[in-house]
Number of protein chains: 2
Amino acid sequence: MKNNLQYFALLFKKKIMLNFEFKNPTKIHFGKGLIAKIADEIPADAKVMMLYGGGSIKTNGIYEQVKAALKNFEVIEFGGIPANPEYDVLIKALNIIKSEKINYLLAVGGGSVIDGTKFLSSAALYNGENPWDILQKGIRTEVGMPFGVVLTLPATGSEMNSGAVISRAENKQKLGMGGPGLFPQFSILDPQVVASIPPRQIANGIVDAYTHVLEQYMTYPIGALLQDRISESIMQTLMEIAPSIMKNPAEYDTACEFMWSCTMALNGLIQKGVPTDWTVHAIGHELTVLYGIDHARTLAIIAPSHYRYNFESKKEKLAQYAERVWKINEGTTEEKAYAAINKMEAFFHSLGMETKLSKYSENYRDAAPFIFKTFTERGMTGIGEHKNISPDDVVKIVEMSY
Amino acid sequence: MKNNLQYFALLFKKKIMLNFEFKNPTKIHFGKGLIAKIADEIPADAKVMMLYGGGSIKTNGIYEQVKAALKNFEVIEFGGIPANPEYDVLIKALNIIKSEKINYLLAVGGGSVIDGTKFLSSAALYNGENPWDILQKGIRTEVGMPFGVVLTLPATGSEMNSGAVISRAENKQKLGMGGPGLFPQFSILDPQVVASIPPRQIANGIVDAYTHVLEQYMTYPIGALLQDRISESIMQTLMEIAPSIMKNPAEYDTACEFMWSCTMALNGLIQKGVPTDWTVHAIGHELTVLYGIDHARTLAIIAPSHYRYNFESKKEKLAQYAERVWKINEGTTEEKAYAAINKMEAFFHSLGMETKLSKYSENYRDAAPFIFKTFTERGMTGIGEHKNISPDDVVKIVEMSY
């Protein structure tokens, strides 16, 4: 432990990039009219399960395009995967995969459908008795059933990474999973799909991707100059396109920027060689479990309070963010850092997103005790880049967000 | 043809990101003390050819580290691959690969050794009669013999891309090749190797990587906001670390920035969805053929003249580069654009690099006629992002570089 602390102290002082491993084998097809590419990417003899969500793909033309591309394959459909993909629903799909000897999965949807498909990719080849263990015990997926993606909702970045988050209402749990076996083999990113996304979901996508960048970037300074600048680039791009994509999601050129920025925000690149935080997500997930608040909105609620509460350890990076992203060049480090948090919060408001929990639920005071109980029951002692944000700290952050 | 022109005209007017395909499966191990990872990455039953250059790896400790990592493998060494990897030398290696039934290649070196290894990866599995055809006829390599890399010289980005450039002194030719089969399976990037690189090579690395970014970025504006910003991020990082890495290449934290920036400059990411130019490389290669000038130095000679000669079609992007990278905010578009070219040239000079051909050879006047002859013999009609830079234009660019 002492050696670890000395190592971290040295890193902090010298700002030395951390060792890292990076491999992202997902093939991206990005652009107009590429859904037909599915047919070239799926092996000819595959027996395919096509997974989707609530059926919006049946009203925006995507369903027909996918079906046309799959016309020479044996396909079983599985629709109805809900937002925050529910374990019990996925188990139904898993049973069909096994009984029908499915050997290829195709996710047609946003983060929830893709994450659900990743769980199925893992569970289909899992030898243990209870697939819930993959989540509960944090079993890493080295090899999964191959799958591809047709992205319909830019936000989570799941289309080009190997992580997933699965919910189980029965247990009030929302847990992560991952491993190198869970990269999509291919993902089709056609920005034309953005045209039919409602403004609420567009706002969610912007804030989700933006907060993904923040969680990887807003730590103590590590001196990873390029990773910092790429993170700032993604945030600047999201901010630049936000007003026009909110107003007119059918504008193709803006939809391109939106879609690619969301993918780049969480495809592994900007987290390499740097410490990462993920406190906002850890707390936010519990707000979704408790209140059913949209994932992105939970991030908008927690992020400002988190940065204010942990101001001392993050103020240098907050000031850099202020200067480079918000062009705030006047004032002390502290003044710039505070101003940046305020600007960030105002940006979330500009997307029509409330940042206080009391705006979402009358029972907002349940949040802190629930999260404290959940975290302590799980044996969580500290989160954040220093692993020093305790359940008591989390209570204070949540209360600041009321 | 007319349809193509209309399409390009539309793209130009509307600034719409181009469709793209992106897949980069190379696994990167980045950081201190990772050379031993080779043993985990190469299949246990592999018969390995270890390729290297002039022998600098035997004086800086890298050779011993690689040999130690390979101690349980059957290994044949092939040293002496020269800068601008020479076809005739590589053919000797190819004969050994075939006679010894080598099935895995390991490049230990910089861009020349890696590019040479890529040629061998392709040629070893090539069924045609003459391996020169791979270069001469531009045969794309779909599947190559698997290979890994231990990078000793950050510059070309070859450690994380699927392209190579091979020279043949006999024919006075320097030709490119590529294909999805030519991504390294893994690359070890240990920034400690930078400590023993002479300043001349460090300067070459900086300018090579910087010009790679310029060639992908400095076109007409396409409106790929994120790609532009990431390109600017790489250039800013290289400029920021240049003075200290030139002074002290043993500074590990700076070496990290240098090494990762060089890789990111040409791993495919920033070229996706945008037009790219590559005129500077096309002309520069011929200066290396004719005079043996270091590759990076040929780029420093040609880039300023190219941007001045093709000023009208590039001035908007040059002005953006001026504002964002050089913080030049005063003046008209034209004034900012010109100032940026001057700043760029001064940056090359600050690295001890001459930017006029007459500083490298007394026979500098041979260049324009030689390149004109070469390009016209190859049937080249136009290069650059508009494919409209004719051999006559090239003559003028070269003459401006005297």
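Which residues of β5(B) are buried on one side, and which on the other? I started my notebook with that one.

**Entry 1: ground rules.** This is a predicted model, where local features need pLDDT of at least 70, side-chain atom pairs count only at pLDDT 80 or more, and totals for chains, interfaces and linings use all residues. Residues are numbered from 1 along each chain as its sequence is written, while chains are lettered from A and ligands numbered from 1 in the order in which they are written.

**Entry 2: strand β5 of chain B.** I looked up the strand at residues 147-151 of chain B and found five of its five residues buried. (Buried means 20 or more other C-beta atoms within 10 Å of a residue's own, exposed means 12 or fewer, and partly exposed is in between; C-beta atoms are placed from the backbone.) Strands here are DSSP runs of E with at least two residues, helices are runs of H or I with at least four, and both are numbered from the N terminus. Side chains in a regular strand alternate between the two faces of the sheet. On one side of β5(B) I have Phe147(B), Val149(B) and Leu151(B), and on the other Gly148(B) and Val150(B), all of them buried.

Then I checked the partners of β5(B). Strands pair if DSSP finds at least two bridges between them. β4(B), residues 104-109, runs parallel to β5(B) over five bridges, and Ala107(B) sits opposite Val149(B). β8(B), residues 186-189, is also parallel to β5(B), with three bridges; there Val150(B) has Ile188(B) as its bridge partner.

**Entry 3: the core.** A nonpolar core is a set of buried Ala, Val, Leu, Ile, Met, Phe, Trp, Tyr and Cys residues joined through C-beta atoms within 7 Å. The largest one has 256 residues, and Leu51(A), Val108(A), Leu51(B) and Val108(B) have the most contacts inside it. I call two residues in contact if their C-beta atoms, placed from the backbone, lie within 7 Å. Leaving aside neighbours within four places in sequence, Val108(A) has contacts that include Met50(A), Tyr52(A), Ile62(A) and Val150(A).

**Entry 4: a residue in β3.** Is Val75(A) buried or partly exposed? I found Val75(A) in strand β3 of chain A, residues 74-78. With 18 other C-beta atoms within 10 Å, Val75(A) is partly exposed. Beyond four places in sequence, Val75(A) is in contact with Val48(A), Met50(A) and Leu70(A).

**Entry 5: where the chains meet.** How many residues does each chain give to the contact? I noted 35 from chain B and 35 from chain A. On the chain B side, β1 (20-30), α8 (225-247) and α9 (252-265) each give two or more residues. β1 of chain A and β1(B) pair in the antiparallel sense over seven bridges, with Phe22(A) opposite Ile28(B). The copies meet through the same surface, because 100% of the interface residues of chain B are also interface residues in chain A.

**Entry 6: symmetry.** Two copies of a chain are related by a rotation about an axis and a shift along it. Here, a 180° rotation with 0.0 Å of shift along its axis puts chain B on chain A, with RMSD 0.0 Å. So the two copies are related as by a two-fold rotation axis. Pro25(B) has the C-alpha nearest the axis in chain B, 2.1 Å from it.

Conventions
Copies are superposed by least squares on the C-alpha atoms of residues with pLDDT of at least 70 in both.
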